There are 2 protein chains.
Amino acid sequence: MLSKKTKYGIKALTYLAKQEQNTPVQIATISKSETISLKFLESILLTLRKSGLLGSKKGKGGGYYLLKDPKDIKMTTVMRVLEGPIAMVSCVSLNYYEKCDDCPDEAECSVHHLMIQVRDSNLKIYGETSLADLVH
Amino acid sequence: MLSKKTKYGIKALTYLAKQEQNTPVQIATISKSETISLKFLESILLTLRKSGLLGSKKGKGGGYYLLKDPKDIKMTTVMRVLEGPIAMVSCVSLNYYEKCDDCPDEAECSVHHLMIQVRDSNLKIYGETSLADLVH
DNA sequence: TGTTATCCTATGGAATTAGTAGGATATTAT
DNA sequence: ATAATATCCTACTAATTCCATAGGATAACA
């Protein structure tokens with residue numbers, strides 16, 4: 001299941017992508033519009049900023065804004081930043097690979113093969129979808 | 001990420017599907033072969049039995065066995081029993097649908113649309129894969 | 001020099017995960 | 001009968017993750 005962090009994060013990014021101009025939007029504005037706890041959203045936007053997806057401005061007229069064109073923000077990036085690995089087991093993860101403790105031989109593992117298929121199909125979807133596509 | 005319960009469960013089912021004859025296999029045998037904690041595996045096999053996938057026999061010569069031909073056990077069933085909903089958000093779940101608290105309109109939700117795609121592609125994989133396919 | 005809004009660390013409750021413990025129950029063999 | 005075998009079942013626990021919340025520090029603007 002998708003964490004609320006990821007869900008809220010995507011909603012907030014979509015909200016920003018919808019803006020006509022890319023001027024800063026306050027946390028409180030997004031919080032109200034999307035019914036997300038202000039403090040929780042604050043922490044989510046902070047990680048999105050640290051990951052390089054968002055820029056921010058302090059003080060009056062401040063807020064968060066996208067650093068790239070929504071067309072150029074792929075959902076693979078968004079998912080990895082918010083949710084972590086796209087793979088369902090670390091032994092099939094491209095970016096966070098780790099060997100399984102209980103598997104002597106990956107090639108023999110039934111779960112491994114199945115999860116490679118799942119990873120690839122999800123990767124295809126996230127790779128072909130940009131933030132711009134999510135704006136209805 | 002896939003829970004260990006699901007991972008171990010699939011491995012155990014695959015182990016049973018590999019057997020030449022469908023005679024009962026003891027928990028301890030699977031536990032040793034697949035390097036899974038005996039007690040943990042016991043609880044997993046119990047849920048698999050309660051879900052109708054496995055039969056069991058007590059006493060000497062007892063153990064667990066598949067109730068159907070591996071060809072007829074689809075991974076959709078296995079995943080739902082072990083991991084729960086296949087959908088990543090309950091608002092796109094076919095079997096466990098629930099409305100989101102924060103969404104006034106699903107049709108307008110950017111996450112909703114994306115997750116329908118993910119659900120469908122995963123459902124396709126799990127639906128087209130049977131336990132027999134996992135026995136390489 | 002206030003006011004505004006993000007920045008950042010720390011904390012906490014609830015839920016989930018990954019087991020463990022130990023006795024009850026049913027089946028088989030002697 | 002009875003001892004041995006193996007599942008059945010409930011309850012418990014430790015660790016981790018999730019979903020926030022609190023509150024002050026910092027930076028920008030009027």
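1. Which helices and strands each supply at least two residues of the surface near DNA strand D? In this predicted model, they are α1 and α3 of chain A together with α3, β1 (54-57) and β2 (63-66) of chain B. The largest share, 5 residues, comes from α3(B).

2. DNA strand D is surrounded by 25 residues, and the closest are S37(A), K39(A), R49(B), S56(B) and Y64(B). Of the atoms of DNA strand D that come within 4 Å of the protein, sugar and phosphate account for 69%.

3. For G59(B), a backbone N or O atom lies 3.3 Å from a sugar or linking oxygen of DNA strand D.

4. The whole structure holds 2 aromatic pairs over all chains. The rings of Y8(A) and F40(A) are edge-to-face because their planes stand at 80°, with centres 5.8 Å apart, and the pair links helix α1 (residues 4-18) with helix α3 (residues 38-50) of chain A across 32 residues. Y8(A) is buried at a relative accessible area of 10%, whereas F40(A) is partly exposed at 34%.

5. In chain B, Y8(B) and F40(B) also form an edge-to-face pair, 5.8 Å centre to centre with 80° between the planes. Here Y8(B) is buried at 9% relative accessibility, and F40(B) is partly exposed at 33%.

Terms used:
Residues numbered from 1 in each chain as written. Chains lettered and ligands numbered in written order. Predicted model: local features only at pLDDT ≥ 70, side-chain atom pairs only at ≥ 80, totals over all residues. Heavy atoms only, no water. Phe/Tyr/Trp six-rings, centres within 6.5 Å; stacked < 30°, edge-to-face > 60°. Helix = DSSP H or I, 4+ residues; strand = E, 2+ residues; numbered from the N terminus. Buried < 20%, exposed > 50% of the residue type's maximum accessible area, 1.4 Å probe, protein only. Near = heavy atom within 4 Å. Polar contact = N/O pair within 3.5 Å; in protein donor to acceptor, adjacent residues only side chain to side chain.
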